[in-house]
Each structure stands twice: as structure tokens, then as C-alpha cells.
Amino acid sequence: MPPINASRVLIVLFDGLRPDMATPERMPALAEFLKGARRYNESSSVFPSLTRVCATTIGTGQPPAVAGIVNNAFPDPAAREGRFLDTSSAEDMRRGTATHGPGFIATPRFADSLAAAGRRFALVHSGSAGGAYLLDPRAQENGSFIVSLSGRDAVETPEAWDRVVERLGAPPASPPNKIPLVEYAARAMAQVVLPELQPDVALLWLTEPDWSFHYRGMDAPETREAMLAADRAFASVLEAASRLPEAERMAVIAMSDHGHVGTTDRFDLVAELAALGVEAVLDRPGTDVSVAAGTMCWLWPREADTARLARLAAALQEQPWCGAVLAAGGNGLEGPFPGTFDLALVNADHPRAAPLLIGMRGGPEADPYGLPGHSPIVGKDFPPGGGMHGGLHRREMGNLMALSVAGMAPGDDLSPVGLVDLAPTLLSLLGVEPVAPLPGQPLWAPPRTARVLTTARGEYRQYLAVAGEGRGSIVRDGGRL
């Protein structure tokens with residue numbers, strides 16, 4: 001294939017959008033764009049498929065095993081009393097850096113590579129302050145233009161906030177839904193960032209439909225309204241980008257960071273663990289075991305006891321509700337306990353990771369809205385039929401990825417690709433060398449080899465579908481057989 005290059009790159013990210021929901025009825029502008037784009041139908045999120053983990057991988061081109069942001073929240077010495085360290089908080093991320101030093105989130109970002117080459121990155125983010133911060137914590141040194149609608153103090157470039165607010169007024173404060181923030185973010189990108197800065201890489205991060213999937217329901221009327229608002233935002237930004245110099249050579253990437261699986265019922269994991277002799281608490285430090293809840297639950301014991309963890313893993317595998325079980329410290333394929341997979345296999349083997357992970361047992365059957373895929377959920381204040389992500393269900397792991405650029409033929413592409421490929425793709429499009437080696441590859445590189453792995457203990461069996469090897473491998477899905 002001849003070299004593919006671009007004058008600049010525009011990325012519009014729809015947080016949490018499932019690819020099968022980008023339909024003409026729900027999102028007409030996006031559906032029309034996809035007709036003329038290269039559609040990577042086998043694209044995957046990173047594991048765990050949680051927003052700030054995804055943001056860190058997008059920014060760094062590295063999986064959690066390297067980048068170190070292993071969950072949306074996790075136990076850490078930098079955390080405030082009685083809490084997990086919260087990656088949605090820019091304050092907590094700064095506390096992490098102050099406690100651990102620059103290595104806490106110092107993995108080079110694509111923004112660092114752009115700055116080294118004299119190029120500029122601009123971000124308008126309508127989600128959490130921490131999510132924006134993680135994409136470029138060195139924004140001031142890099143000369144990036146970072147705007148988080150969480151507020152002027154949310155990022156390292158308050159002058160960017162001042163410029164946008166001077167032009168558009170302040171964004172709405174604490175609206176009852178996220179549509180006003182989506183609309184404001186689109187205006188900031190279309191009316192200020194693109195025409196006035198003309199950055200080399202512009203990223204618009206739209207917090208919908210993720211928020212509505214969670215809190216309104218996967219296909220509720222309010223969710224459809226939010227999806228249409230995100231779609232209008234996309235159309236307005238595309239129109240503004242079309243007026244830039246050399247617009248015909250611009251690359252446009254439409255994507256999501258992860259998908260969602262519709263939840264069916266709440267599962268009382270605390271009670272189940274108590275029956276197994278484990279005192280657990282959800283989403284905060286505990287005296288025995290701390291659990292990060294969701295469709296995939298991370299278990300951090302207060303005291304390290306390998307023998308006890310082995311007994312617990314075996315007991316969990318006997319439960320009919322138990323899905324995937326992963327553990328740290330195996331041989332790179334199987335975990336240290338029979339029937340488990342090693343965290344290294346999914347590139348989540350960082351010292352901050354929990355030693356034991358348990359997925360809820362879901363399936364391909366329809367959720368309460370009739371959409372394919374369902375899972376029970378632990379914790380979380382979501383309505384019945386609300387969506388969740390973070391686990392290995394294909395509906396959680398599958399993400400939207402589509403590229404439109406001169407020289408790239410439109411159509412369906414079944415190559416296994418993932419978030420780890422975004423940084424090398426945009427740097428390659430611009431002819432910029434990364435400042436550090438990247439494990440991923442441009443989207444048009446030769447496809448990875450896909451494989452399905454299994455492991456078992458007695459009657460318990462599970463599988464994991466992956467593609468490629470090493471830190472650049474792609475996790476597609478997994479669960480109990």
C-alpha cells in the first residue's frame with residue numbers, strides 16, 4: 001500500500017458508543033459518514049474497557065500494564081482518606097503525581113511526539129476533568145490547547161478555557177443531562193479551535209451516549225435524544241473542518257472508546273463473598289477485601305495471602321454466576337490458580353492491578369431493550385436496563401473505529417485493531433516519529449493473527465479471544481463457556 005498521509009487529523013470520539021447503534025435512525029450524520037469511511041468492524045477497546053483507562057491508552061498508545069492507569073478508581077497511597085484514587089478527578093491525578101513522582105502518569109503521549117515535531121494538539125472534552133488531564137498531563141510544556149468543560153482548573157492550560165469562554169460565554173453548569181455540554185463542546189471546536197488554531201490533531205470528546213446509556217437506559221427515548229445531539233455535534237464539526245486549508249487532505253476518525261452491555265439485574269457480590277468467608281466493601285478501601293464493582297469486579301485484599309486467593313478463586317469458579325476469572329502472576333497465559341487467565345495476557349499486569357478479577361456471567365441474549373448482549377451488574381446506581389462496561393463481553397469491548405482519508409478506500413475491514421493503534425495511526429498520517437516506541441500499529445498495517453484460548457478447572461471453563469502478541473495485542477472478548 002502506498003504511504004497514507006494527511007494535512008491534519010480530526011478525531012471525534014463518542015464516549016461509549018456501540019458500533020451496532022450507529023444507525024441512520026439514531027445518528028444519521030454519523031451513519032452517512034460511515035458509508036464513505038474505512039470501517040474497522042473488529043475494533044476493540046483496551047481491557048478493562050473503562051473510560052479513563054481508555055483515555056490513557058488513546059493518549060499514550062500503551063496498554064494499562066505500561067501506562068499504569070488500571071481502573072477508573074483503585075487503592076493508592078495518594079487517595080484521600082477512605083476513598084479509592086479517582087481518575088475522573090484532575091486533583092486526584094495531581095495528587096498521584098505528587099506522591100509517586102512523574103512516573104505516575106509519565107508515559108509519553110502522542111501529544112509529546114507532536115510537540116517534539118513542532119506540531120500542535122487541541123482537545124475539547126465534555127466529560128470528566130481527569131479524563132481530559134490524562135490525555136495530555138504535560139499540556140503546558142507541549143503547547144497544547146486543552147479545554148475541559150469541567151472548569152478552568154481542570155486542565156493545565158487555563159488560558160485555553162479563557163479563550164473559549166471569551167468567545168462563547170461559560171458552558172452550562174451542572175445541567176440535568178449532558179446534551180447542553182455536548183452542544184457547547186461542538187461549538188467550541190467548530191467556532192474557536194478549528195478556525196482559529198487550525199491544530200495538527202484536534203480531538204472532540206463527547207460524553208454522550210455513555211452518560212445516557214448508564215443513567216437513562218440503553219435505548220430509552222432520552223438516550224435517543226442524546227445520541228441525536230451528539231450526531232448534530234459531529235455534523236457541525238465536520239462542516240467547520242471542511243472550510244480549513246487543505247481540507248481535502250484532512251483525515252477524519254470517528255470512534256468510541258468502548259462499548260456497553262445492557263445490564264439485567266443487580267448482583268449482591270458482597271453477600272456472596274461473605275458466604276465464602278470474605279468481608280468485602282465496594283468501591284472504597286476495606287478492612288479485608290476492597291472491590292471495584294461493575295460487570296468485572298477487581299478484588300484487592302488488604303493482606304497478601306496467595307493460598308487464600310487460590311481457595312477463593314476455586315470457590316468462585318463453583319458458582320453459576322461467575323464468569324471470567326483472571327489473576328496476576330501466572331505464566332503469561334494461565335494465571336497462578338487453576339482455570340484462571342493471567343493478567344499479562346490482557347496487558348493489565350501492572351503493580352496497581354488487583355490480584356484477582358471476577359466477571360459477571362452474561363451472554364449474547366437480548367437486554368431489557370431488545371439489544372443483543374446482557375450482563376448482571378455489581379453495585380452502580382443505574383436504572384434497570386442501564387449500560388455498563390469494563391468487562392470482557394464483546395458488547396463492552398467492541399468500539400467504533402472508522403477512518404476517512406484520501407488514499408484509503410471506504411468499506412468494511414475485518415482486521416483486528418484497537419485503541420492501542422490510534423497513536424501510531426495519527427502520527428503516521430502526519431509523518432511524525434514517536435518519541436518512544438509504540439506497541440501498536442497504523443490501522444492499515446498487516447492484520448494481527450487472531451486466536452481463541454481456553455483454560456479450565458474441573459467443570460469450569462472459560463475462553464479469551466485475542467489477536468497479536470505482546471503489548472500490542474488486542475483483546476476481543478472472553479467469558480465462561
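Analyst: Before we start, a definition: two residues are in contact when they have heavy atoms within 4.5 Å of each other. Also, this is a predicted model.

User: OK. What does Ser7 touch, not counting residues up to four places away in sequence?

Analyst: Ser7 touches Glu246, Arg249, Met250 and Leu430. Ser7 itself sits in the segment before strand 1, which covers 9-14.

User: Is Ser7 buried or exposed?

Analyst: Buried, because its relative accessible area is 14% and the cut-off for buried is under 20%.

User: Which backbone atom lies 3.4 Å from a polar atom of the Ser7 side chain?

Analyst: The backbone nitrogen of Met250. Met250 is also among the residues that Ser7 touches.

User: Moving along to strand 1. Which residues does Leu13 contact, leaving aside neighbours within four places in sequence?

Analyst: Leu13, which is found in strand 1, is in contact with Ile58, Leu203, Leu204, Trp205, Leu206, Met255, Ser256 and Asp257. Leu13 counts as buried, at 0% relative accessibility.

User: How many residues apart in sequence are Leu13 and Ser256?

Analyst: They are 243 residues apart in sequence, while their C-alpha atoms are 5.1 Å apart in space.

User: New topic. Where is Thr87?

Analyst: In the loop between strand 5 (85-86) and helix 4 (90-100). Thr87 has 0% relative accessibility, so it counts as buried.

User: What lies 2.6 Å from a polar atom of its side chain?

Analyst: The backbone oxygen of Asn72. Asn72 is also one of the contacts of Thr87, and others include Arg52, Phe74, Met93 and Leu134.

User: How many salt bridges does the structure hold?

Analyst: It holds 26. One of them joins the side chains of Arg80 and Asp92, at 2.6 Å from N to O.

User: Where do those two sit in the chain?

Analyst: Arg80 is in the loop between strand 4 (73-74) and strand 5, and Asp92 is in helix 4. They are twelve residues apart, and the pair links distant parts of the chain.

User: And is Asp92 buried or exposed?

Analyst: Asp92 is buried, with a relative accessible area of 0%. Arg80 is partly exposed, at 24%.

User: What does Asp112 meet in a salt bridge?

Analyst: The side chain of Arg138, at 2.8 Å from N to O. Asp112 lies in helix 5 (residues 110-116) and Arg138 in the loop between helix 6 (129-135) and helix 7 (139-142), so the pair ties together parts that are 26 residues apart in sequence.

User: Is Asp112 buried or exposed?

Analyst: Buried, with a relative accessible area of 10%. Arg138 counts as partly exposed, at 38% relative accessibility.

User: What about Asp288, which residue does it form a salt bridge with?

Analyst: Arg308, and the closest N and O atoms are 2.8 Å apart. Asp288 is in the loop between strand 11 (280-282) and strand 12 (289-292), while Arg308 is in helix 13 (residues 306-317), 20 residues away. Asp288 counts as buried at 15% relative accessibility, and Arg308 as partly exposed at 26%.

User: Which residues are linked in a network of salt bridges?

Analyst: Glu25, Arg26, Asp219 and Arg224.

User: How many bridges join strand 23 to strand 24?

Analyst: Eight, with strand 24 covering residues 460-467. As an example, Arg451 stands opposite Val466 in strand 24.

User: Last one. In which sense do strand 17 and strand 18 pair?

Analyst: Antiparallel, over two bridges. Strand 17 spans residues 363-366 and strand 18 spans residues 372-377. Ala366 has Pro372 in strand 18 as its bridge partner.

User: How many residues lie between the strands in that hairpin?

Analyst: Five, and Gly370 in this hairpin takes a positive phi near 85°.

Key: Residues numbered from 1 in each chain as written. Predicted model: local features only at pLDDT ≥ 70, side-chain atom pairs only at ≥ 80, totals over all residues. Heavy atoms only, no water. Pairing = 2+ DSSP bridges. Helix = DSSP H or I, 4+ residues; strand = E, 2+ residues; numbered from the N terminus. Buried < 20%, exposed > 50% of the residue type's maximum accessible area, 1.4 Å probe, protein only. Polar contact = N/O pair within 3.5 Å; in protein donor to acceptor, adjacent residues only side chain to side chain. Salt bridge = Lys/Arg side-chain N within 4 Å of Asp/Glu carboxyl O.
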